[in-house]
Amino acid sequence: HHEWQQEPCYQPLALTLPKNVDAVIEKGLADLLARQRGDGGFGMWAESTKSSPWVSPYVLWMLSEAQKRGFPVPKNAMKLGVDYLRRLLDAPAERLD
């Protein structure tokens, strides 16, 4: 078992994780990274052509959590994502549609 599987939030649910949990997580990370768009943000769906200002912070949080738990996350993907969020924060509110 991984150390993170022993965290209290997993215990009350009595979840049985798949034996290949690392492979499942790595596949999920690859799917998320494939949704990164040219502007550094992340699309809601694989087919999304535009980054979502709502989804992008959540994806970056998930990538950060995965990284903390030892899963490889490309540094450039994180940098581009953070730069995207900084641009959003600097943008006038009416541009956030």
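**Notebook: helix α2**

I looked up Pro 57 and found it partly exposed, because its relative accessible area is 34% (buried is under 20%, exposed over 50%, partly exposed in between, with a 1.4 Å probe and protein chains only). The model is predicted, so I kept to local features with pLDDT of at least 70 and side-chain atom pairs at 80 or more, while totals for chains, interfaces and linings use all residues. Residues are numbered from 1 along each chain as its sequence is written, and side-chain values use heavy atoms, without hydrogens and water.

Pro 57 sits in helix α2 (helices are DSSP runs of H or I, at least four residues, numbered from the N terminus). I checked its C-alpha against that of Phe 42, 15 residues away along the chain: they are 8.6 Å apart.

Next, the packing with α3, residues 75–90. The axes of α2 and α3 come within 10 Å and cross at roughly 145 degrees (lines fitted to C-alpha atoms over the stretch in contact, angles from 0 to 180 degrees between N-to-C directions). I noted which residues touch (heavy atoms within 4.5 Å). Pro 57 is among those from α2, as are Leu 60 and Leu 63; α3 brings residues including Met 78 and Leu 85.

Terms used. Helix = DSSP H or I, 4+ residues; strand = E, 2+ residues; numbered from the N terminus.
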